[in-house]
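Me: I'm new to this one and would like to find my way around it. Could you show it to me, and then take a few questions?

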Amino acid sequence: MEVHTLTSESALTELRKYIIKPSIKKNIYLMSGLLVLIGIIAFFTKSYLLTIFCFLGIDIFFLELYVLSKKQIQMTLKRLRELYGTDKIEGKLVFENNTLRTVNFVTNGELPLSYEVMALFAETQNYYALFTKEHQALIVDKQQFTPETKEQFLQLVHEKMPALLIKPRKGK
């Protein structure tokens, strides 16, 4: 099966919550949790200034997540413009027996990827995204699918990459 891929500003923006590497997000969540705990303890020990600093720290961590995701999108678009002279790259993914072959329509270059390097499957309203273990995204535009081809695609993802962590979109 072949599916159309698309990397563009709108696709990256819609996938914003998945753009940051999960290990970075996990560390920010852990630090925020620690600050919540310290803030609660500080509140009950009447250290109100420390409580305020803890909760300000949490706000700063979550602001940092937003800024990092925005910066990642800008950096990706800058690289696309530098390498290809455009900020929209199209291609295709070809599901083969042992590899997922990516084809870049701008360069006509091909890259075979082992299914084992895929780590995360995410879904948004308009896109699916496959992320490698190093968090490189392969973005699939949902508009290309009929109900039958969508089901075939999802079945192939499940069959070829059963170990993927699947993040369904909210509100389904």
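Me: Is Arg-101 buried or exposed?

Reply: This is a predicted model, in which local features need pLDDT of at least 70, side-chain atom pairs count only at pLDDT 80 or more, and totals for chains, interfaces and linings use all residues. Residues are numbered from 1 along each chain as its sequence is written, and side-chain values use heavy atoms, with hydrogens and water left out. Buried means under 20% relative accessible area, exposed over 50%, and partly exposed in between (1.4 Å probe, protein chains only). Arg-101 has 19% relative accessibility, so this residue counts as buried.

Me: How many salt bridges does a search of the whole structure find?

Reply: One of them pairs Glu-2 with Lys-92, with the closest N and O atoms 3.5 Å apart. This pair links distant parts of the chain, Glu-2 being in strand β1 and Lys-92 in strand β2; helices (H or I, at least four residues) and strands (E, at least two) are DSSP runs, numbered from the N terminus. The search of the whole structure finds 6.

Me: How far apart in space are Lys-92 and Glu-2, C-alpha to C-alpha?

Reply: Lys-92 counts as partly exposed because its relative accessibility is 22%, and Glu-2 counts as partly exposed at 48%. In sequence the two are 90 residues apart, while in space their C-alpha atoms are separated by 6.4 Å.

Me: How many residues apart in sequence are the parts that Lys-21 and Glu-134 tie together?

Reply: Lys-21 and Glu-134 form a salt bridge whose closest N and O atoms are 3.8 Å apart. Lys-21 lies in the loop between α2 (16-19) and α3, and Glu-134 in the loop between β6 and β7, so the parts tied together are separated in sequence by 113 residues.

Me: Is His-135 buried or exposed?

Reply: His-135 is in the loop between β6 (127-132) and β7 (137-141). Although not a glycine, His-135 has a positive phi of about 70 degrees. Its relative accessibility is 13%, so His-135 counts as buried.

Me: And Asn-108, is that buried or exposed?

Reply: Asn-108 sits in the loop between β3 (99-104) and β4 (110-114), with a positive phi near 60 degrees. Its relative accessibility is 60%, so Asn-108 counts as exposed.

Me: Which element gives the largest share of the lining of the largest pocket?

Reply: A pocket is found on a 1 Å grid over the protein atoms alone, as an open set of points where a 1.4 Å probe fits, with protein on both sides within 12 Å along at least five of seven lines; lining residues have an atom within 4 Å of a point. The largest pocket is lined by 37 residues, with Thr-7, Thr-76, Gln-136, Ala-137 and Leu-138 nearest its centre. Elements giving two or more residues to this lining include β1 (2-7), β2 (89-95) and β7. The largest share, 9 residues, comes from α4.

Conventions. A salt bridge is a side-chain nitrogen of Lys or Arg within 4 Å of a carboxyl oxygen of Asp or Glu.
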